[in-house]
Amino acid sequence: MSDSDSHDAYRPPVIAALIETAGVAKAALPATQMLVLAILAGAFIGFGAAAYTTVMTGVDMGYGPSRLVGGVVFSLGLILVIVGGAELFTGNALMVMAAVDRKITPAQLFRNWGIVYLGNLIGAVGLGIAFGLSGLLDGAVGATAVKLAEAKANLPIMEALVRGALCNALVCLAVWLTFAARSVTGKILAILWPISGFVLLGLEHSVANMFFFPQGWAAGVNVTAGAALSNLFYVTIGNIIGGALGVALAYRLAYLGPR
(Lines give C-alpha, C1' and ligand atoms only; values in the text may rest on other atoms or scores of the structure.)
Protein backbone atom coordinates (compact mmCIF):
# COMPACT_ATOMS: atom_id res chain seq x y z
CA MET A 1 0.00 0.00 0.00
CA SER A 2 1.40 3.41 -0.95
CA ASP A 3 1.99 6.26 1.47
CA SER A 4 -0.94 8.21 0.05
CA ASP A 5 -3.30 5.24 0.26
CA SER A 6 -2.62 4.36 3.89
CA HIS A 7 -4.43 7.34 5.42
CA ASP A 8 -7.83 9.00 5.11
CA ALA A 9 -6.09 12.15 3.86
CA TYR A 10 -3.10 12.74 1.60
CA ARG A 11 0.17 13.59 3.34
CA PRO A 12 1.66 17.07 2.79
CA PRO A 13 4.38 15.94 0.32
CA VAL A 14 1.69 14.31 -1.81
CA ILE A 15 -0.44 17.45 -1.58
CA ALA A 16 2.50 19.54 -2.81
CA ALA A 17 2.92 17.27 -5.84
CA LEU A 18 -0.82 17.35 -6.56
CA ILE A 19 -0.88 21.14 -6.42
CA GLU A 20 2.05 21.35 -8.83
CA THR A 21 0.21 19.04 -11.24
CA ALA A 22 -2.92 21.15 -10.91
CA GLY A 23 -0.89 24.27 -11.63
CA VAL A 24 0.37 22.77 -14.88
CA ALA A 25 -3.21 21.90 -15.88
CA LYS A 26 -4.44 25.39 -15.04
CA ALA A 27 -1.69 26.99 -17.11
CA ALA A 28 -2.64 24.84 -20.11
CA LEU A 29 -6.33 25.81 -20.14
CA PRO A 30 -7.54 27.51 -23.34
CA ALA A 31 -8.11 31.23 -22.80
CA THR A 32 -11.88 31.05 -23.39
CA GLN A 33 -12.36 28.21 -20.93
CA MET A 34 -10.16 29.94 -18.39
CA LEU A 35 -12.12 33.18 -18.71
CA VAL A 36 -15.52 31.48 -18.36
CA LEU A 37 -14.40 29.55 -15.28
CA ALA A 38 -12.98 32.78 -13.83
CA ILE A 39 -16.24 34.66 -14.41
CA LEU A 40 -18.06 31.88 -12.58
CA ALA A 41 -15.60 32.09 -9.68
CA GLY A 42 -16.09 35.85 -9.40
CA ALA A 43 -19.85 35.33 -9.19
CA PHE A 44 -19.43 32.47 -6.69
CA ILE A 45 -17.33 34.62 -4.34
CA GLY A 46 -19.90 37.38 -4.86
CA PHE A 47 -22.67 35.10 -3.64
CA GLY A 48 -20.66 34.41 -0.50
CA ALA A 49 -20.06 38.14 -0.02
CA ALA A 50 -23.77 38.87 -0.53
CA ALA A 51 -24.67 36.26 2.07
CA TYR A 52 -22.17 37.86 4.45
CA THR A 53 -23.75 41.28 3.88
CA THR A 54 -27.17 39.89 4.77
CA VAL A 55 -25.89 38.20 7.94
CA MET A 56 -24.23 41.43 9.08
CA THR A 57 -27.42 43.46 8.57
CA GLY A 58 -28.94 44.73 11.79
CA VAL A 59 -26.01 43.66 13.99
CA ASP A 60 -22.85 45.25 15.33
CA MET A 61 -20.34 45.49 12.45
CA GLY A 62 -17.49 44.75 14.87
CA TYR A 63 -16.17 41.41 16.05
CA GLY A 64 -18.21 38.69 17.70
CA PRO A 65 -20.50 35.73 17.01
CA SER A 66 -22.26 37.49 14.13
CA ARG A 67 -18.91 37.96 12.35
CA LEU A 68 -18.21 34.25 12.77
CA VAL A 69 -21.61 33.34 11.29
CA GLY A 70 -20.84 35.76 8.48
CA GLY A 71 -17.60 33.90 7.83
CA VAL A 72 -19.41 30.57 7.71
CA VAL A 73 -21.86 31.80 5.06
CA PHE A 74 -19.06 33.56 3.15
CA SER A 75 -17.42 30.13 2.81
CA LEU A 76 -20.16 29.39 0.28
CA GLY A 77 -18.04 31.18 -2.32
CA LEU A 78 -14.93 28.98 -2.09
CA ILE A 79 -17.05 25.85 -1.68
CA LEU A 80 -18.68 26.61 -5.03
CA VAL A 81 -15.29 27.33 -6.59
CA ILE A 82 -13.61 24.13 -5.38
CA VAL A 83 -16.46 21.63 -5.56
CA GLY A 84 -18.21 23.15 -8.57
CA GLY A 85 -14.98 23.85 -10.41
CA ALA A 86 -13.88 27.39 -11.27
CA GLU A 87 -10.77 29.55 -11.54
CA LEU A 88 -10.08 31.91 -8.62
CA PHE A 89 -7.20 34.38 -8.73
CA THR A 90 -6.35 34.19 -5.04
CA GLY A 91 -6.21 30.40 -4.96
CA ASN A 92 -4.13 30.37 -8.13
CA ALA A 93 -1.30 31.99 -6.19
CA LEU A 94 -0.37 28.36 -5.45
CA MET A 95 0.65 27.99 -9.12
CA VAL A 96 3.94 29.59 -8.09
CA MET A 97 4.98 26.11 -6.91
CA ALA A 98 4.86 24.83 -10.49
CA ALA A 99 6.62 27.94 -11.79
CA VAL A 100 9.50 27.58 -9.32
CA ASP A 101 10.05 24.01 -10.52
CA ARG A 102 9.92 25.22 -14.14
CA LYS A 103 6.94 23.05 -14.93
CA ILE A 104 5.25 26.21 -16.20
CA THR A 105 6.90 29.37 -17.48
CA PRO A 106 6.53 32.81 -15.89
CA ALA A 107 4.61 33.83 -19.02
CA GLN A 108 2.12 31.00 -18.47
CA LEU A 109 1.76 31.97 -14.81
CA PHE A 110 1.06 35.63 -15.57
CA ARG A 111 -1.24 34.70 -18.45
CA ASN A 112 -3.36 32.67 -16.04
CA TRP A 113 -3.33 35.35 -13.37
CA GLY A 114 -4.25 38.08 -15.85
CA ILE A 115 -7.13 36.23 -17.51
CA VAL A 116 -8.45 34.87 -14.22
CA TYR A 117 -8.27 38.25 -12.48
CA LEU A 118 -10.20 39.84 -15.35
CA GLY A 119 -12.79 37.06 -15.32
CA ASN A 120 -13.19 37.28 -11.54
CA LEU A 121 -13.75 41.03 -11.90
CA ILE A 122 -16.41 40.54 -14.58
CA GLY A 123 -18.24 37.92 -12.54
CA ALA A 124 -18.14 39.84 -9.27
CA VAL A 125 -19.13 43.19 -10.78
CA GLY A 126 -21.89 41.54 -12.81
CA LEU A 127 -23.35 39.95 -9.70
CA GLY A 128 -23.12 43.26 -7.83
CA ILE A 129 -25.13 44.93 -10.59
CA ALA A 130 -27.65 42.10 -10.52
CA PHE A 131 -28.17 42.54 -6.77
CA GLY A 132 -28.68 46.26 -7.34
CA LEU A 133 -31.42 45.51 -9.88
CA SER A 134 -33.03 42.86 -7.68
CA GLY A 135 -34.37 45.21 -5.03
CA LEU A 136 -32.60 43.19 -2.35
CA LEU A 137 -30.42 46.17 -1.44
CA ASP A 138 -33.37 48.34 -0.44
CA GLY A 139 -33.56 49.16 3.24
CA ALA A 140 -31.35 47.64 5.92
CA VAL A 141 -29.31 45.33 3.66
CA GLY A 142 -28.41 48.27 1.44
CA ALA A 143 -27.30 50.27 4.48
CA THR A 144 -24.97 47.43 5.44
CA ALA A 145 -23.61 47.29 1.89
CA VAL A 146 -22.82 51.01 2.15
CA LYS A 147 -20.98 50.55 5.47
CA LEU A 148 -18.92 47.67 4.10
CA ALA A 149 -17.85 49.57 0.98
CA GLU A 150 -17.01 52.72 2.98
CA ALA A 151 -14.89 50.77 5.47
CA LYS A 152 -12.88 49.15 2.70
CA ALA A 153 -12.37 52.38 0.79
CA ASN A 154 -11.07 54.09 3.94
CA LEU A 155 -8.47 51.46 4.81
CA PRO A 156 -4.94 52.91 4.95
CA ILE A 157 -2.58 51.51 2.33
CA MET A 158 -0.41 49.49 4.72
CA GLU A 159 -3.44 47.98 6.43
CA ALA A 160 -4.97 46.98 3.09
CA LEU A 161 -1.68 45.39 2.02
CA VAL A 162 -1.10 43.44 5.23
CA ARG A 163 -4.72 42.37 5.58
CA GLY A 164 -4.58 41.15 1.99
CA ALA A 165 -1.46 39.10 2.69
CA LEU A 166 -2.89 37.53 5.83
CA CYS A 167 -6.18 36.84 4.08
CA ASN A 168 -4.72 34.94 1.17
CA ALA A 169 -2.45 32.93 3.41
CA LEU A 170 -5.65 31.50 4.92
CA VAL A 171 -7.39 31.16 1.54
CA CYS A 172 -4.44 29.25 0.06
CA LEU A 173 -4.22 27.11 3.19
CA ALA A 174 -7.90 26.30 2.68
CA VAL A 175 -7.18 25.27 -0.92
CA TRP A 176 -4.15 23.27 0.26
CA LEU A 177 -6.33 21.40 2.75
CA THR A 178 -8.92 20.56 0.08
CA PHE A 179 -6.18 18.67 -1.78
CA ALA A 180 -5.68 16.58 1.36
CA ALA A 181 -9.36 15.60 1.47
CA ARG A 182 -10.62 12.52 -0.35
CA SER A 183 -14.35 13.36 -0.24
CA VAL A 184 -16.63 16.32 -1.00
CA THR A 185 -17.54 16.49 2.69
CA GLY A 186 -13.88 16.62 3.61
CA LYS A 187 -13.24 19.42 1.10
CA ILE A 188 -16.14 21.49 2.47
CA LEU A 189 -14.94 21.10 6.05
CA ALA A 190 -11.40 21.98 4.95
CA ILE A 191 -12.69 25.23 3.45
CA LEU A 192 -15.01 26.19 6.28
CA TRP A 193 -12.64 27.05 9.09
CA PRO A 194 -9.82 28.95 7.32
CA ILE A 195 -12.35 31.05 5.40
CA SER A 196 -14.50 31.68 8.47
CA GLY A 197 -11.32 32.67 10.26
CA PHE A 198 -10.23 35.29 7.73
CA VAL A 199 -13.68 36.88 7.72
CA LEU A 200 -13.86 36.86 11.52
CA LEU A 201 -10.45 38.54 11.68
CA GLY A 202 -11.46 41.32 9.27
CA LEU A 203 -8.96 40.48 6.52
CA GLU A 204 -9.16 41.59 2.88
CA HIS A 205 -9.90 39.44 -0.19
CA SER A 206 -9.48 41.14 -3.58
CA VAL A 207 -12.18 39.17 -5.42
CA ALA A 208 -14.70 39.68 -2.62
CA ASN A 209 -13.96 43.42 -2.77
CA MET A 210 -14.68 43.33 -6.50
CA PHE A 211 -18.24 42.56 -5.40
CA PHE A 212 -18.47 44.73 -2.27
CA PHE A 213 -17.76 47.98 -4.12
CA PRO A 214 -20.36 47.52 -6.93
CA GLN A 215 -22.85 46.32 -4.33
CA GLY A 216 -22.15 49.46 -2.31
CA TRP A 217 -22.55 51.69 -5.37
CA ALA A 218 -25.86 50.02 -6.17
CA ALA A 219 -26.93 50.82 -2.61
CA GLY A 220 -25.88 54.48 -2.97
CA VAL A 221 -22.47 54.63 -1.28
CA ASN A 222 -20.35 57.74 -1.92
CA VAL A 223 -17.07 56.01 -2.75
CA THR A 224 -15.07 57.09 -5.80
CA ALA A 225 -13.80 54.65 -8.40
CA GLY A 226 -10.28 55.81 -7.54
CA ALA A 227 -10.68 54.84 -3.89
CA ALA A 228 -12.06 51.44 -4.88
CA LEU A 229 -9.23 50.80 -7.36
CA SER A 230 -6.63 51.85 -4.79
CA ASN A 231 -8.03 49.35 -2.29
CA LEU A 232 -8.13 46.60 -4.93
CA PHE A 233 -4.55 47.30 -6.00
CA TYR A 234 -3.01 47.06 -2.53
CA VAL A 235 -5.21 44.17 -1.42
CA THR A 236 -4.30 42.29 -4.61
CA ILE A 237 -0.57 42.81 -4.01
CA GLY A 238 -1.07 41.61 -0.45
CA ASN A 239 -2.99 38.57 -1.66
CA ILE A 240 -0.11 37.64 -3.97
CA ILE A 241 2.44 38.05 -1.18
CA GLY A 242 0.47 35.98 1.31
CA GLY A 243 -0.50 33.22 -1.10
CA ALA A 244 2.55 32.93 -3.35
CA LEU A 245 5.29 33.65 -0.80
CA GLY A 246 3.66 32.82 2.51
CA VAL A 247 2.14 29.50 1.46
CA ALA A 248 3.23 28.30 -2.00
CA LEU A 249 6.97 28.93 -1.73
CA ALA A 250 7.12 27.94 1.94
CA TYR A 251 5.47 24.58 1.30
CA ARG A 252 7.46 24.11 -1.90
CA LEU A 253 10.69 24.44 0.09
CA ALA A 254 9.41 22.33 3.00
CA TYR A 255 8.04 19.37 1.07
CA LEU A 256 9.65 19.32 -2.38
CA GLY A 257 13.13 20.28 -1.26
CA PRO A 258 15.52 23.09 -2.28
CA ARG A 259 16.28 23.68 -5.94
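Tutor: R163 and E159 both sit in helix α8, which spans residues 157-180. They are 4 residues apart, about one turn of the helix. Their side chains meet in a salt bridge, at 3.4 Å from N to O. The model is predicted, and every distance here is computed from it. R163 is partly exposed, at 27% relative accessibility. E159 is partly exposed as well, with a relative accessible area of 36%. Buried would need a value under 20%.

That pair belongs to a longer list. The search of the whole structure finds 5 salt bridges. Side chains of opposite charge can pair when their charged atoms come close. Two further pairs deserve a look.

Take E20 and K103. Their side chains form a salt bridge at 2.8 Å, N to O. E20 lies in helix α1, residues 12-27, and K103 in the loop between α5 (96-100) and α6 (106-134), so the pair ties together parts that are 83 residues apart in sequence. E20 counts as buried, at 3% relative accessibility. What else does E20 touch, leaving out residues up to four places away in sequence? The contacts are M97, A98, D101, K103, R252 and L256.

Now E87 and K26. The salt bridge between their side chains is 2.9 Å, N to O. E87 lies in the loop between α4 (76-85) and α5, while K26 is in helix α1, so this pair links parts that are 61 residues apart in sequence. E87 is buried, with a relative accessible area of 5%. K26 is partly exposed, at 21%. The cut-off for buried is under 20%.

The R163 and E159 pair, by contrast, stays within helix α8.

A218 is in helix α10, residues 206-218. A218 is partly exposed, with a relative accessible area of 40%. A218 and L133 are 85 residues apart in sequence, and their C-alpha atoms are 8.1 Å apart in space. Leaving out residues up to four places away in sequence, A218 touches G128, G132 and L137.

Methods:
Residues are numbered from 1 along each chain as its sequence is written. This is a predicted model: local features need pLDDT of at least 70, side-chain atom pairs count only at pLDDT 80 or more; totals for chains, interfaces and linings use all residues. Side-chain values use heavy atoms; hydrogens and water are left out. A salt bridge is a side-chain nitrogen of Lys or Arg within 4 Å of a carboxyl oxygen of Asp or Glu. Helices (H or I, at least four residues) and strands (E, at least two) are DSSP runs, numbered from the N terminus. Buried means under 20% relative accessible area, exposed over 50%, partly exposed in between (1.4 Å probe, protein chains only). Contact means heavy atoms within 4.5 Å.
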